[in-house]
Every structure is written in C-alpha cells, then in structure tokens.
Amino acid sequence: MRRFRRLLLLIFVFPALSLAQSSSQGHPCMPGMNMPGCPGGDAMVMQPQDFLQKIISHTGSGASAEPVSTPAPMLMTRKGNWMLMFHANVFILDEQQSTARGADRFFSTNWFMGMAQRKVGRGTFTARAMLSLEPATVTQQRYPLLFQQGETAFGVPIADGQHPHNLFMELAALYDLKLSANNLLSLYFAPVGDPAIGPTAYPHRASALEDPVGTLGHHQEDSTHISDDVVTVGLTYRIARIEASGFHGREPDEFRWDIDQGKIDSWSTRLTIEPGKNWSGQYSYARIKSPEALFSNEDQERMTASVMYNRPFHKGNWASTILWGRTRSLSDHSIFDSYLFESTVRFRDSNYVWTRTENAERSNELILGENRLPPGFQERPIGRVQGYTLGYDHDVKLVPHLASAIGAQVTTYGVPTQLQSIYGQHPVAVAIFVRLRPFSGEEK
C-alpha cells in the first residue's frame, strides 16, 4: 500500500505542482492546433476553434466532444516535445435526506485526470489516465441518492444509492491523424475507458460540473463510461463524426480498486454533429452483453440522443444539456426511459448557478430495497420518478491555481403512486459541499 501511495504521488501530485508553477508563466503550445509562435504550424491552443481541434484536445470523457466553445479548466505545461495537462474535480460534501428510505452521509466524489500529448509521425498521440479515490472516500460501497438503481454492494442490488467510481476510471491511448484539412481519423484504445455511447459522461460535462452527485438516468444514459477493453475508431468530416466501438459489456464489479478484464463482446456506434461553436448533438446505439451481474443472462439494447449548448459571455458562460436514454432488455423486451435537462451558468467569474431536471423510469427492484432478489424475480417498470435540483456555489481565492468553492444544492422529487407508501409524496435531499478544481488562471 505504501508503494501504491508513492505511485499515485508520482503520477498526479508532483506533476500537478509542476503544472501549477508553469501555468503562471503563460500558456505553451499544444500539438494538434494552430497557435502563433508555436513550432510546426500544427499546435494546440487552449480554446479550440473548430470541431476537429476540439476532438484532438480530448478534454472530455472517452472520445466524446462537447461544443467547441466549452471551457475546460486545467493546468498545462510543456516538457520538451510533450504537452502535459492535469484536470480534476473534487467535492467534499454532507448529504441529508428526508423519508425513511433516505440517509445522511459525509463523503467525497472526485476524479483526477492526467494527460500527455505529442506529435508522432503525421498525427497527434495522446496518453490519458483518469483516477478516482471514491473507493476510499465513499464508504459502504455507495453514497445516498434517493431513487437511484444500478449495480451491487455486498452482493445485493443498490437501492437509493450511487456506487463509487473505480480507482481506474480510464487508461487510454489515442491517435488522431488529419487526412486532409477537413478530415480526421481517430483511434482509441483503453484497457479501461469510455466507448462511443452517449454524450460526455455526467462527471465531465460542463453543464453538470458543479453538481456533486450522479444522475438518476445514469444507467440508461452514460453508465458505460467505465468499461473494459475498449477499442474505438472515428472518422470526422467538417462538422460530422461517426464512431464505432467494441468493448466488454459487463459493468464494473463492486471491488473498485482493481481493473476488470473481459473479451470484447459488445458494440456501439455514435453520430455526432457540431453545426457551430456553441452546439453539439449526438445519437448513439449499442448492444451490450450481460451488463448486470444479477441478471447475467440478459443482454441490453441502449439508445441515447442529446443536444448540448454552450454560450460564452463576459466573465462567464452558460452550458446546457438535453438528454434522452433508453435501455431495452433483449430477453423480455422491457423498456426503461430517462430524460434529463441540466444547465449551469457561471457569471462574474466566480459564481455558479445550476439546475437539473430528470424524469426516469424505475423498476420493481426498488420496492424490495437492498435485499436479495427472490427466486424467479422478474424486473419490470413501475413508474417514473422526477427529480428537481437547484444549486449555487461561489469560488473563494485560497490557493493559486485552485478554484475553491463553497456551495449547496436542494433536490425535490415527484413520486409515482406505487412508491408513495415507501417514500412519501415529497421527499427532499440537501447537500452542502466544498469543491476543489485546478485551473490555469485564464478562466477566472
């Protein structure tokens, strides 16, 4: 364990300190995009100017891309031929919930991403590692999230809780090759990574960056963002991109410290359109082999569609996402839909206001709570839950290149008739938190 801690320090802490020192000396060139004064004429800028540049920047999850104008807080420096970047988002929060099914918990949600890029041949090579300490900072293998379903803890279904992310969220190598001025070929290889399904996953979306907890529709929308043995190929022409992925379909098990492995048995495809700097839309389709451990004989079909919008303005920006996700069992053809709207406004540099509205189908598994499923149990839809979240936080200047915010959010729920005897009619959840995020100094 001591050697493991030293390894984490070498991978993330020491480079982050170096990046923080270097970021105060101005922004260096980055391979892949044009920037005056950079060698080679094909260097990457802090803010991409078109869709191809946005893809090569790889600031999202997997190979996904948000609107070109979307800001990406990070630390950056150049070491020889390498451009080094560091992203992170850390919440330390106290969650309080009403209703008998609710819980109160002090925990932390977090992720840390280190990235290195350089020119290799005619293209740009990117190495990326994303870690989370949630296996240690989220106790009892889940944190409270009313009406949430998905995965297991201690061998039983998780109910009213969100599982922690794995220590290794992503270990990936990417290569982007410009075939012409308007064409880009992209390759993505990841022992652990994010296949071409859905938009940018919720922990990394600009519209959700201030919300410390997961979405109710996570397992219909973007739960594949931590998948094993992912291979993706993408082809981009001007404003359009088509991708195809192969990956292992089983969701991560409840032992969050290791890397799971499995054969490539699932596939997905995604079409992304970015008609302007402020807009991005995608549709994706997937066939997933045996995603759930408790229903190992059941395969799934998944579809998602989304539109993302970002509007920059003086000392701020407004980022929004509309998202639909659907899973369909290929065994009994049961369908679960989820709908989401989320929006975050940053204004006067250091103020954030956000909202999240969800409408998500729930199953009869939720009625049983966290208990072993009875023999012959058949999962089926029982109604839709609505969630309405409003939050605010404010950055305070404590440490250079570290955006430190204090904030709170409140979530109320609409409960279907079948669940009102368990949850009541109007349960409420309140979260008070501190948020920490590195930045270069230019975004604030």
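This is a predicted model: local features need pLDDT of at least 70, side-chain atom pairs count only at pLDDT 80 or more; totals for chains, interfaces and linings use all residues.
Residues are numbered from 1 along each chain as its sequence is written, and side-chain values use heavy atoms, with hydrogens and water left out.

Next, colour by secondary structure: the protein has 6 helices and 21 strands (DSSP runs numbered from the N terminus, helices being H or I of at least four residues and strands E of at least two).

Now select Leu-93, Phe-147, Tyr-413, Leu-419 and Tyr-423, which touch the most other members of the largest nonpolar core, a group of 25 residues (a nonpolar core is a set of buried Ala, Val, Leu, Ile, Met, Phe, Trp, Tyr and Cys residues joined through side-chain atoms within 4.5 Å; buried means under 20% relative accessible area, exposed over 50%, and partly exposed in between, with a 1.4 Å probe and protein chains only). Among the strands that each supply at least two residues of this core are strand 4 (82-97) and strand 7 (143-153), and strand 7 gives the most, with 4 residues.

Then select Ala-190, Ile-197, Phe-247 and Ile-288, which belong to a second, separate core of 9 residues.

Finally, pick Leu-179 in the loop between strand 9 (168-178) and strand 10 (183-193); Leu-179 is partly exposed, with a relative accessible area of 44%.
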